[in-house]
Amino acid sequence: MQRVAVLGATGSIGASALDVIARHPDAMRASVLAAGSKVDALLALCRLHRPDHAVIADAGGFTALRDGLREAGLTTQPHAGCEALDALVASDACDTVIAAIVGAAGLASTLAAARAGKRLLLANKESLVLAGQLLMREVRAHGATIVPIDSEHNAIFQCLADGSTPARITLTASGGPFRGWTRQALAEVTPAQAVAHPKWSMGPKISVDSATLMNKGLEVIEAHHLFGLPGARIGVLVHPQSLVHSFVDFADGSTLAQLGLPDMRTALAVGLGWPKRIASGVPMLDLLAQGGRLDFQVPDADAFPALGLAYAALDAGGTAPAVLNAANEEAVSAFLQGKIGFLSIPDTVAAALDAMPPQSADSLEVLLAADAGARRHARARIAASAA
Ligand code: NDP
Ligand code: MG
């Protein structure tokens with residue numbers, strides 16, 4: 001019986017993961033469920049999935065979680081705080097960890113899973129952007145297994161399953177809700193428009209990242225760490241149908257791609273079942289029913305400068321990707337709160353990168369300091385623009 005810790009259980013990936021796990025009651029179960037601050041949503045999941053442990057990261061939620069579990073007559077043990085989460089992830093309460101917390105907040109638990117040598121189903125791309133070298137080093141040192149859950153990287157993982165070396169990889173991008181829009185038109189978009197993704201149903205932060213194309217930029221950096229290629233050999237093509245999830249070119253002229261309907265349960269089933277194929281609940285792809293065509297376009301670098309910023313941060317190396325990620329998280333949060341406009345998101349990130357020249361990123365302390373510095377810089381710039 002595979003015991004699975006679902007971190008970010010109350011989120012979009014968490015829901016998809018629990019759906020797949022529940023389809024295989026004889027082979028796996030959710031033994032640990034963790035959320036950020038939504039105690040009621042976590043309790044509802046506990047009633048349904050009856051985990052051994054439930055963790056709320058916000059320590060203020062402990063009493064409500066404990067009382068709620070007791071009232072429901074569950075034997076699930078309540079925990080609160082990030083340290084409790086990291087300890088549980090590393091303990092024998094789970095064999096597999098689904099890292100689906102949003103943002104840099106997911107780094108500590110992801111590292112804890114790697115250091116404990118777990119099977120790590122990694123959705124939290126921000127931890128790779130912030131500390132990719134370090135995380136991959138821990139994975140290797142402790143014999144952990146990473147299965148990328150981000151659909152593009154999961155596609156590449158599947159294409160490389162025979163152990164062959166890629167010559168080049170191409171990440172596909174849906175283009176988000178504003179594909180084809182000019183920079184001028186983007187100035188006025190609202191948070192509601194930005195989170196309404198045409199192809200994928202996702203949490204608010206990654207939805208905004210998809211709309212700016214920063215998501216693809218983060219994914220280029222993520223791919224660099226996962227597959228060991230330089231930025232120059234990682235391409236991006238806009239593919240509006242979102243059916244080809246990425247492809248890999250090899251030295252012999254072959255190109256392998258992975259296709260499927262845009263539903264994260266496929267990637268999660270790959271991670272949970274690998275190397276076996278297990279049911280995910282996702283219907284098989286019918287290309288004709290999907291319109292019978294696959295289109296590809298070059299991304300518009302002028303309207304969506306975030307992608308270029310990410311490539312530049314990857315080339316600059318050191319702390320630059322950590323600065324990019326932290327400034328972006330702050331800018332997206334400010335945009336969602338109506339404090340800044342859509343175009344200010346990449347502007348805020350560019351300003352933080354300009355203000356903080358890259359340093360060599362040889363320790364977690366240096367990376368976390370760069371993350372904190374970039375957040376301070378971005379917040380100050382956002383506050384000044386609102387004044
Ligand atoms: P959601 O916003 O839907 O969910 C985020 C989850 O993280 C929630 O369970 C939330 O808990 C939890 N959380 C937030 N802050 C903390 C914290 N400090 N400590 C512990 N838990 C916390 O996000 P998504 O599911 O969309 O995305 C999750 C991750 O997966 C992101 O890194 C994203 O980039 C990646 N990803 C997502 C895809 C998707 O299709 N959604 C596709 C590819 C990658 P609470 O509800 O209590 O706030
Ligand atoms: Mg993706």
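In this predicted model, Arg50 sits in the loop between α2 (39-49) and β3 (53-56). Its phi is near 45°. That is a positive value in a residue other than glycine. Arg50 is exposed, with a relative accessible area of 54%; the cut-off for exposed is over 50%.

Ser246 also has a positive phi, of about 160°, although it is not a glycine. Its setting is strand β10. Ser246 is buried, with a relative accessible area of 0%. The bridge partner of Ser246 is Gln258 in β11.

That bridge belongs to a sheet. Strands of a sheet pair through backbone hydrogen bonds, either parallel or antiparallel. Here, four strands form an open sheet in the order β9-β8-β10-β11. The pairing is mixed. β9 (234-238) and β11 (255-259) are the edge strands. Each of them pairs on one side only. Neighbouring strands of the sheet are turned by 20° against each other on average, direction ignored. Strand β10 (residues 244-249) pairs with β11 in the antiparallel sense. Five bridges make up this pairing.

A helix accompanies the sheet. Helix α7 (residues 151-159) lies across β8 (168-173), β10 and β11. It runs at about 45° to β10.

Another contact joins two helices. Two packed helices are described by the angle between their axes and the distance between the axes. Helix α5 (residues 107-115) packs with helix α6 (residues 125-141) at an angle of about 15°. Their axes are 10 Å apart. Angles under 35 degrees count as roughly parallel, and α5 and α6 are therefore roughly parallel to each other. The crossing of α5 past α6 is right-handed.

Side by side, the two helices contribute these residues. From α5 come Leu107, Thr110, Leu111, Ala114 and Arg115. They meet Ser127, Leu130, Ala131, Leu134, Leu135, Glu138 and Val139 in α6. Of the residues in this contact, eight are nonpolar, two are polar and two are charged.

One further backbone feature lies in a loop. A cis peptide bond joins Trp274 and Pro275. Its omega is about 5°. Pro275 is found in the loop between α12 (265-273) and α13 (306-316).

Key: Residues are numbered from 1 along each chain as its sequence is written. Chains are lettered from A and ligands numbered from 1 in the order in which they are written. This is a predicted model: local features need pLDDT of at least 70, side-chain atom pairs count only at pLDDT 80 or more; totals for chains, interfaces and linings use all residues. Side-chain values use heavy atoms; hydrogens and water are left out. Axes are lines fitted to C-alpha atoms, for helices over the stretch in contact, and angles run from 0 to 180 degrees between N-to-C directions. Angles under 35 degrees count as roughly parallel, over 145 as roughly antiparallel, 65 to 115 as roughly perpendicular and the rest as oblique. A crossing is left-handed if the near helix is turned anticlockwise from the far one by less than a right angle, and right-handed if clockwise. Contact means heavy atoms within 4.5 Å. Ala, Val, Leu, Ile, Met, Phe, Trp, Tyr, Cys and Pro count as nonpolar, Asp, Glu, Lys and Arg as charged, and the others, Gly among them, as polar. Two strands pair if DSSP finds at least two bridges between them. Buried means under 20% relative accessible area, exposed over 50%, partly exposed in between (1.4 Å probe, protein chains only).
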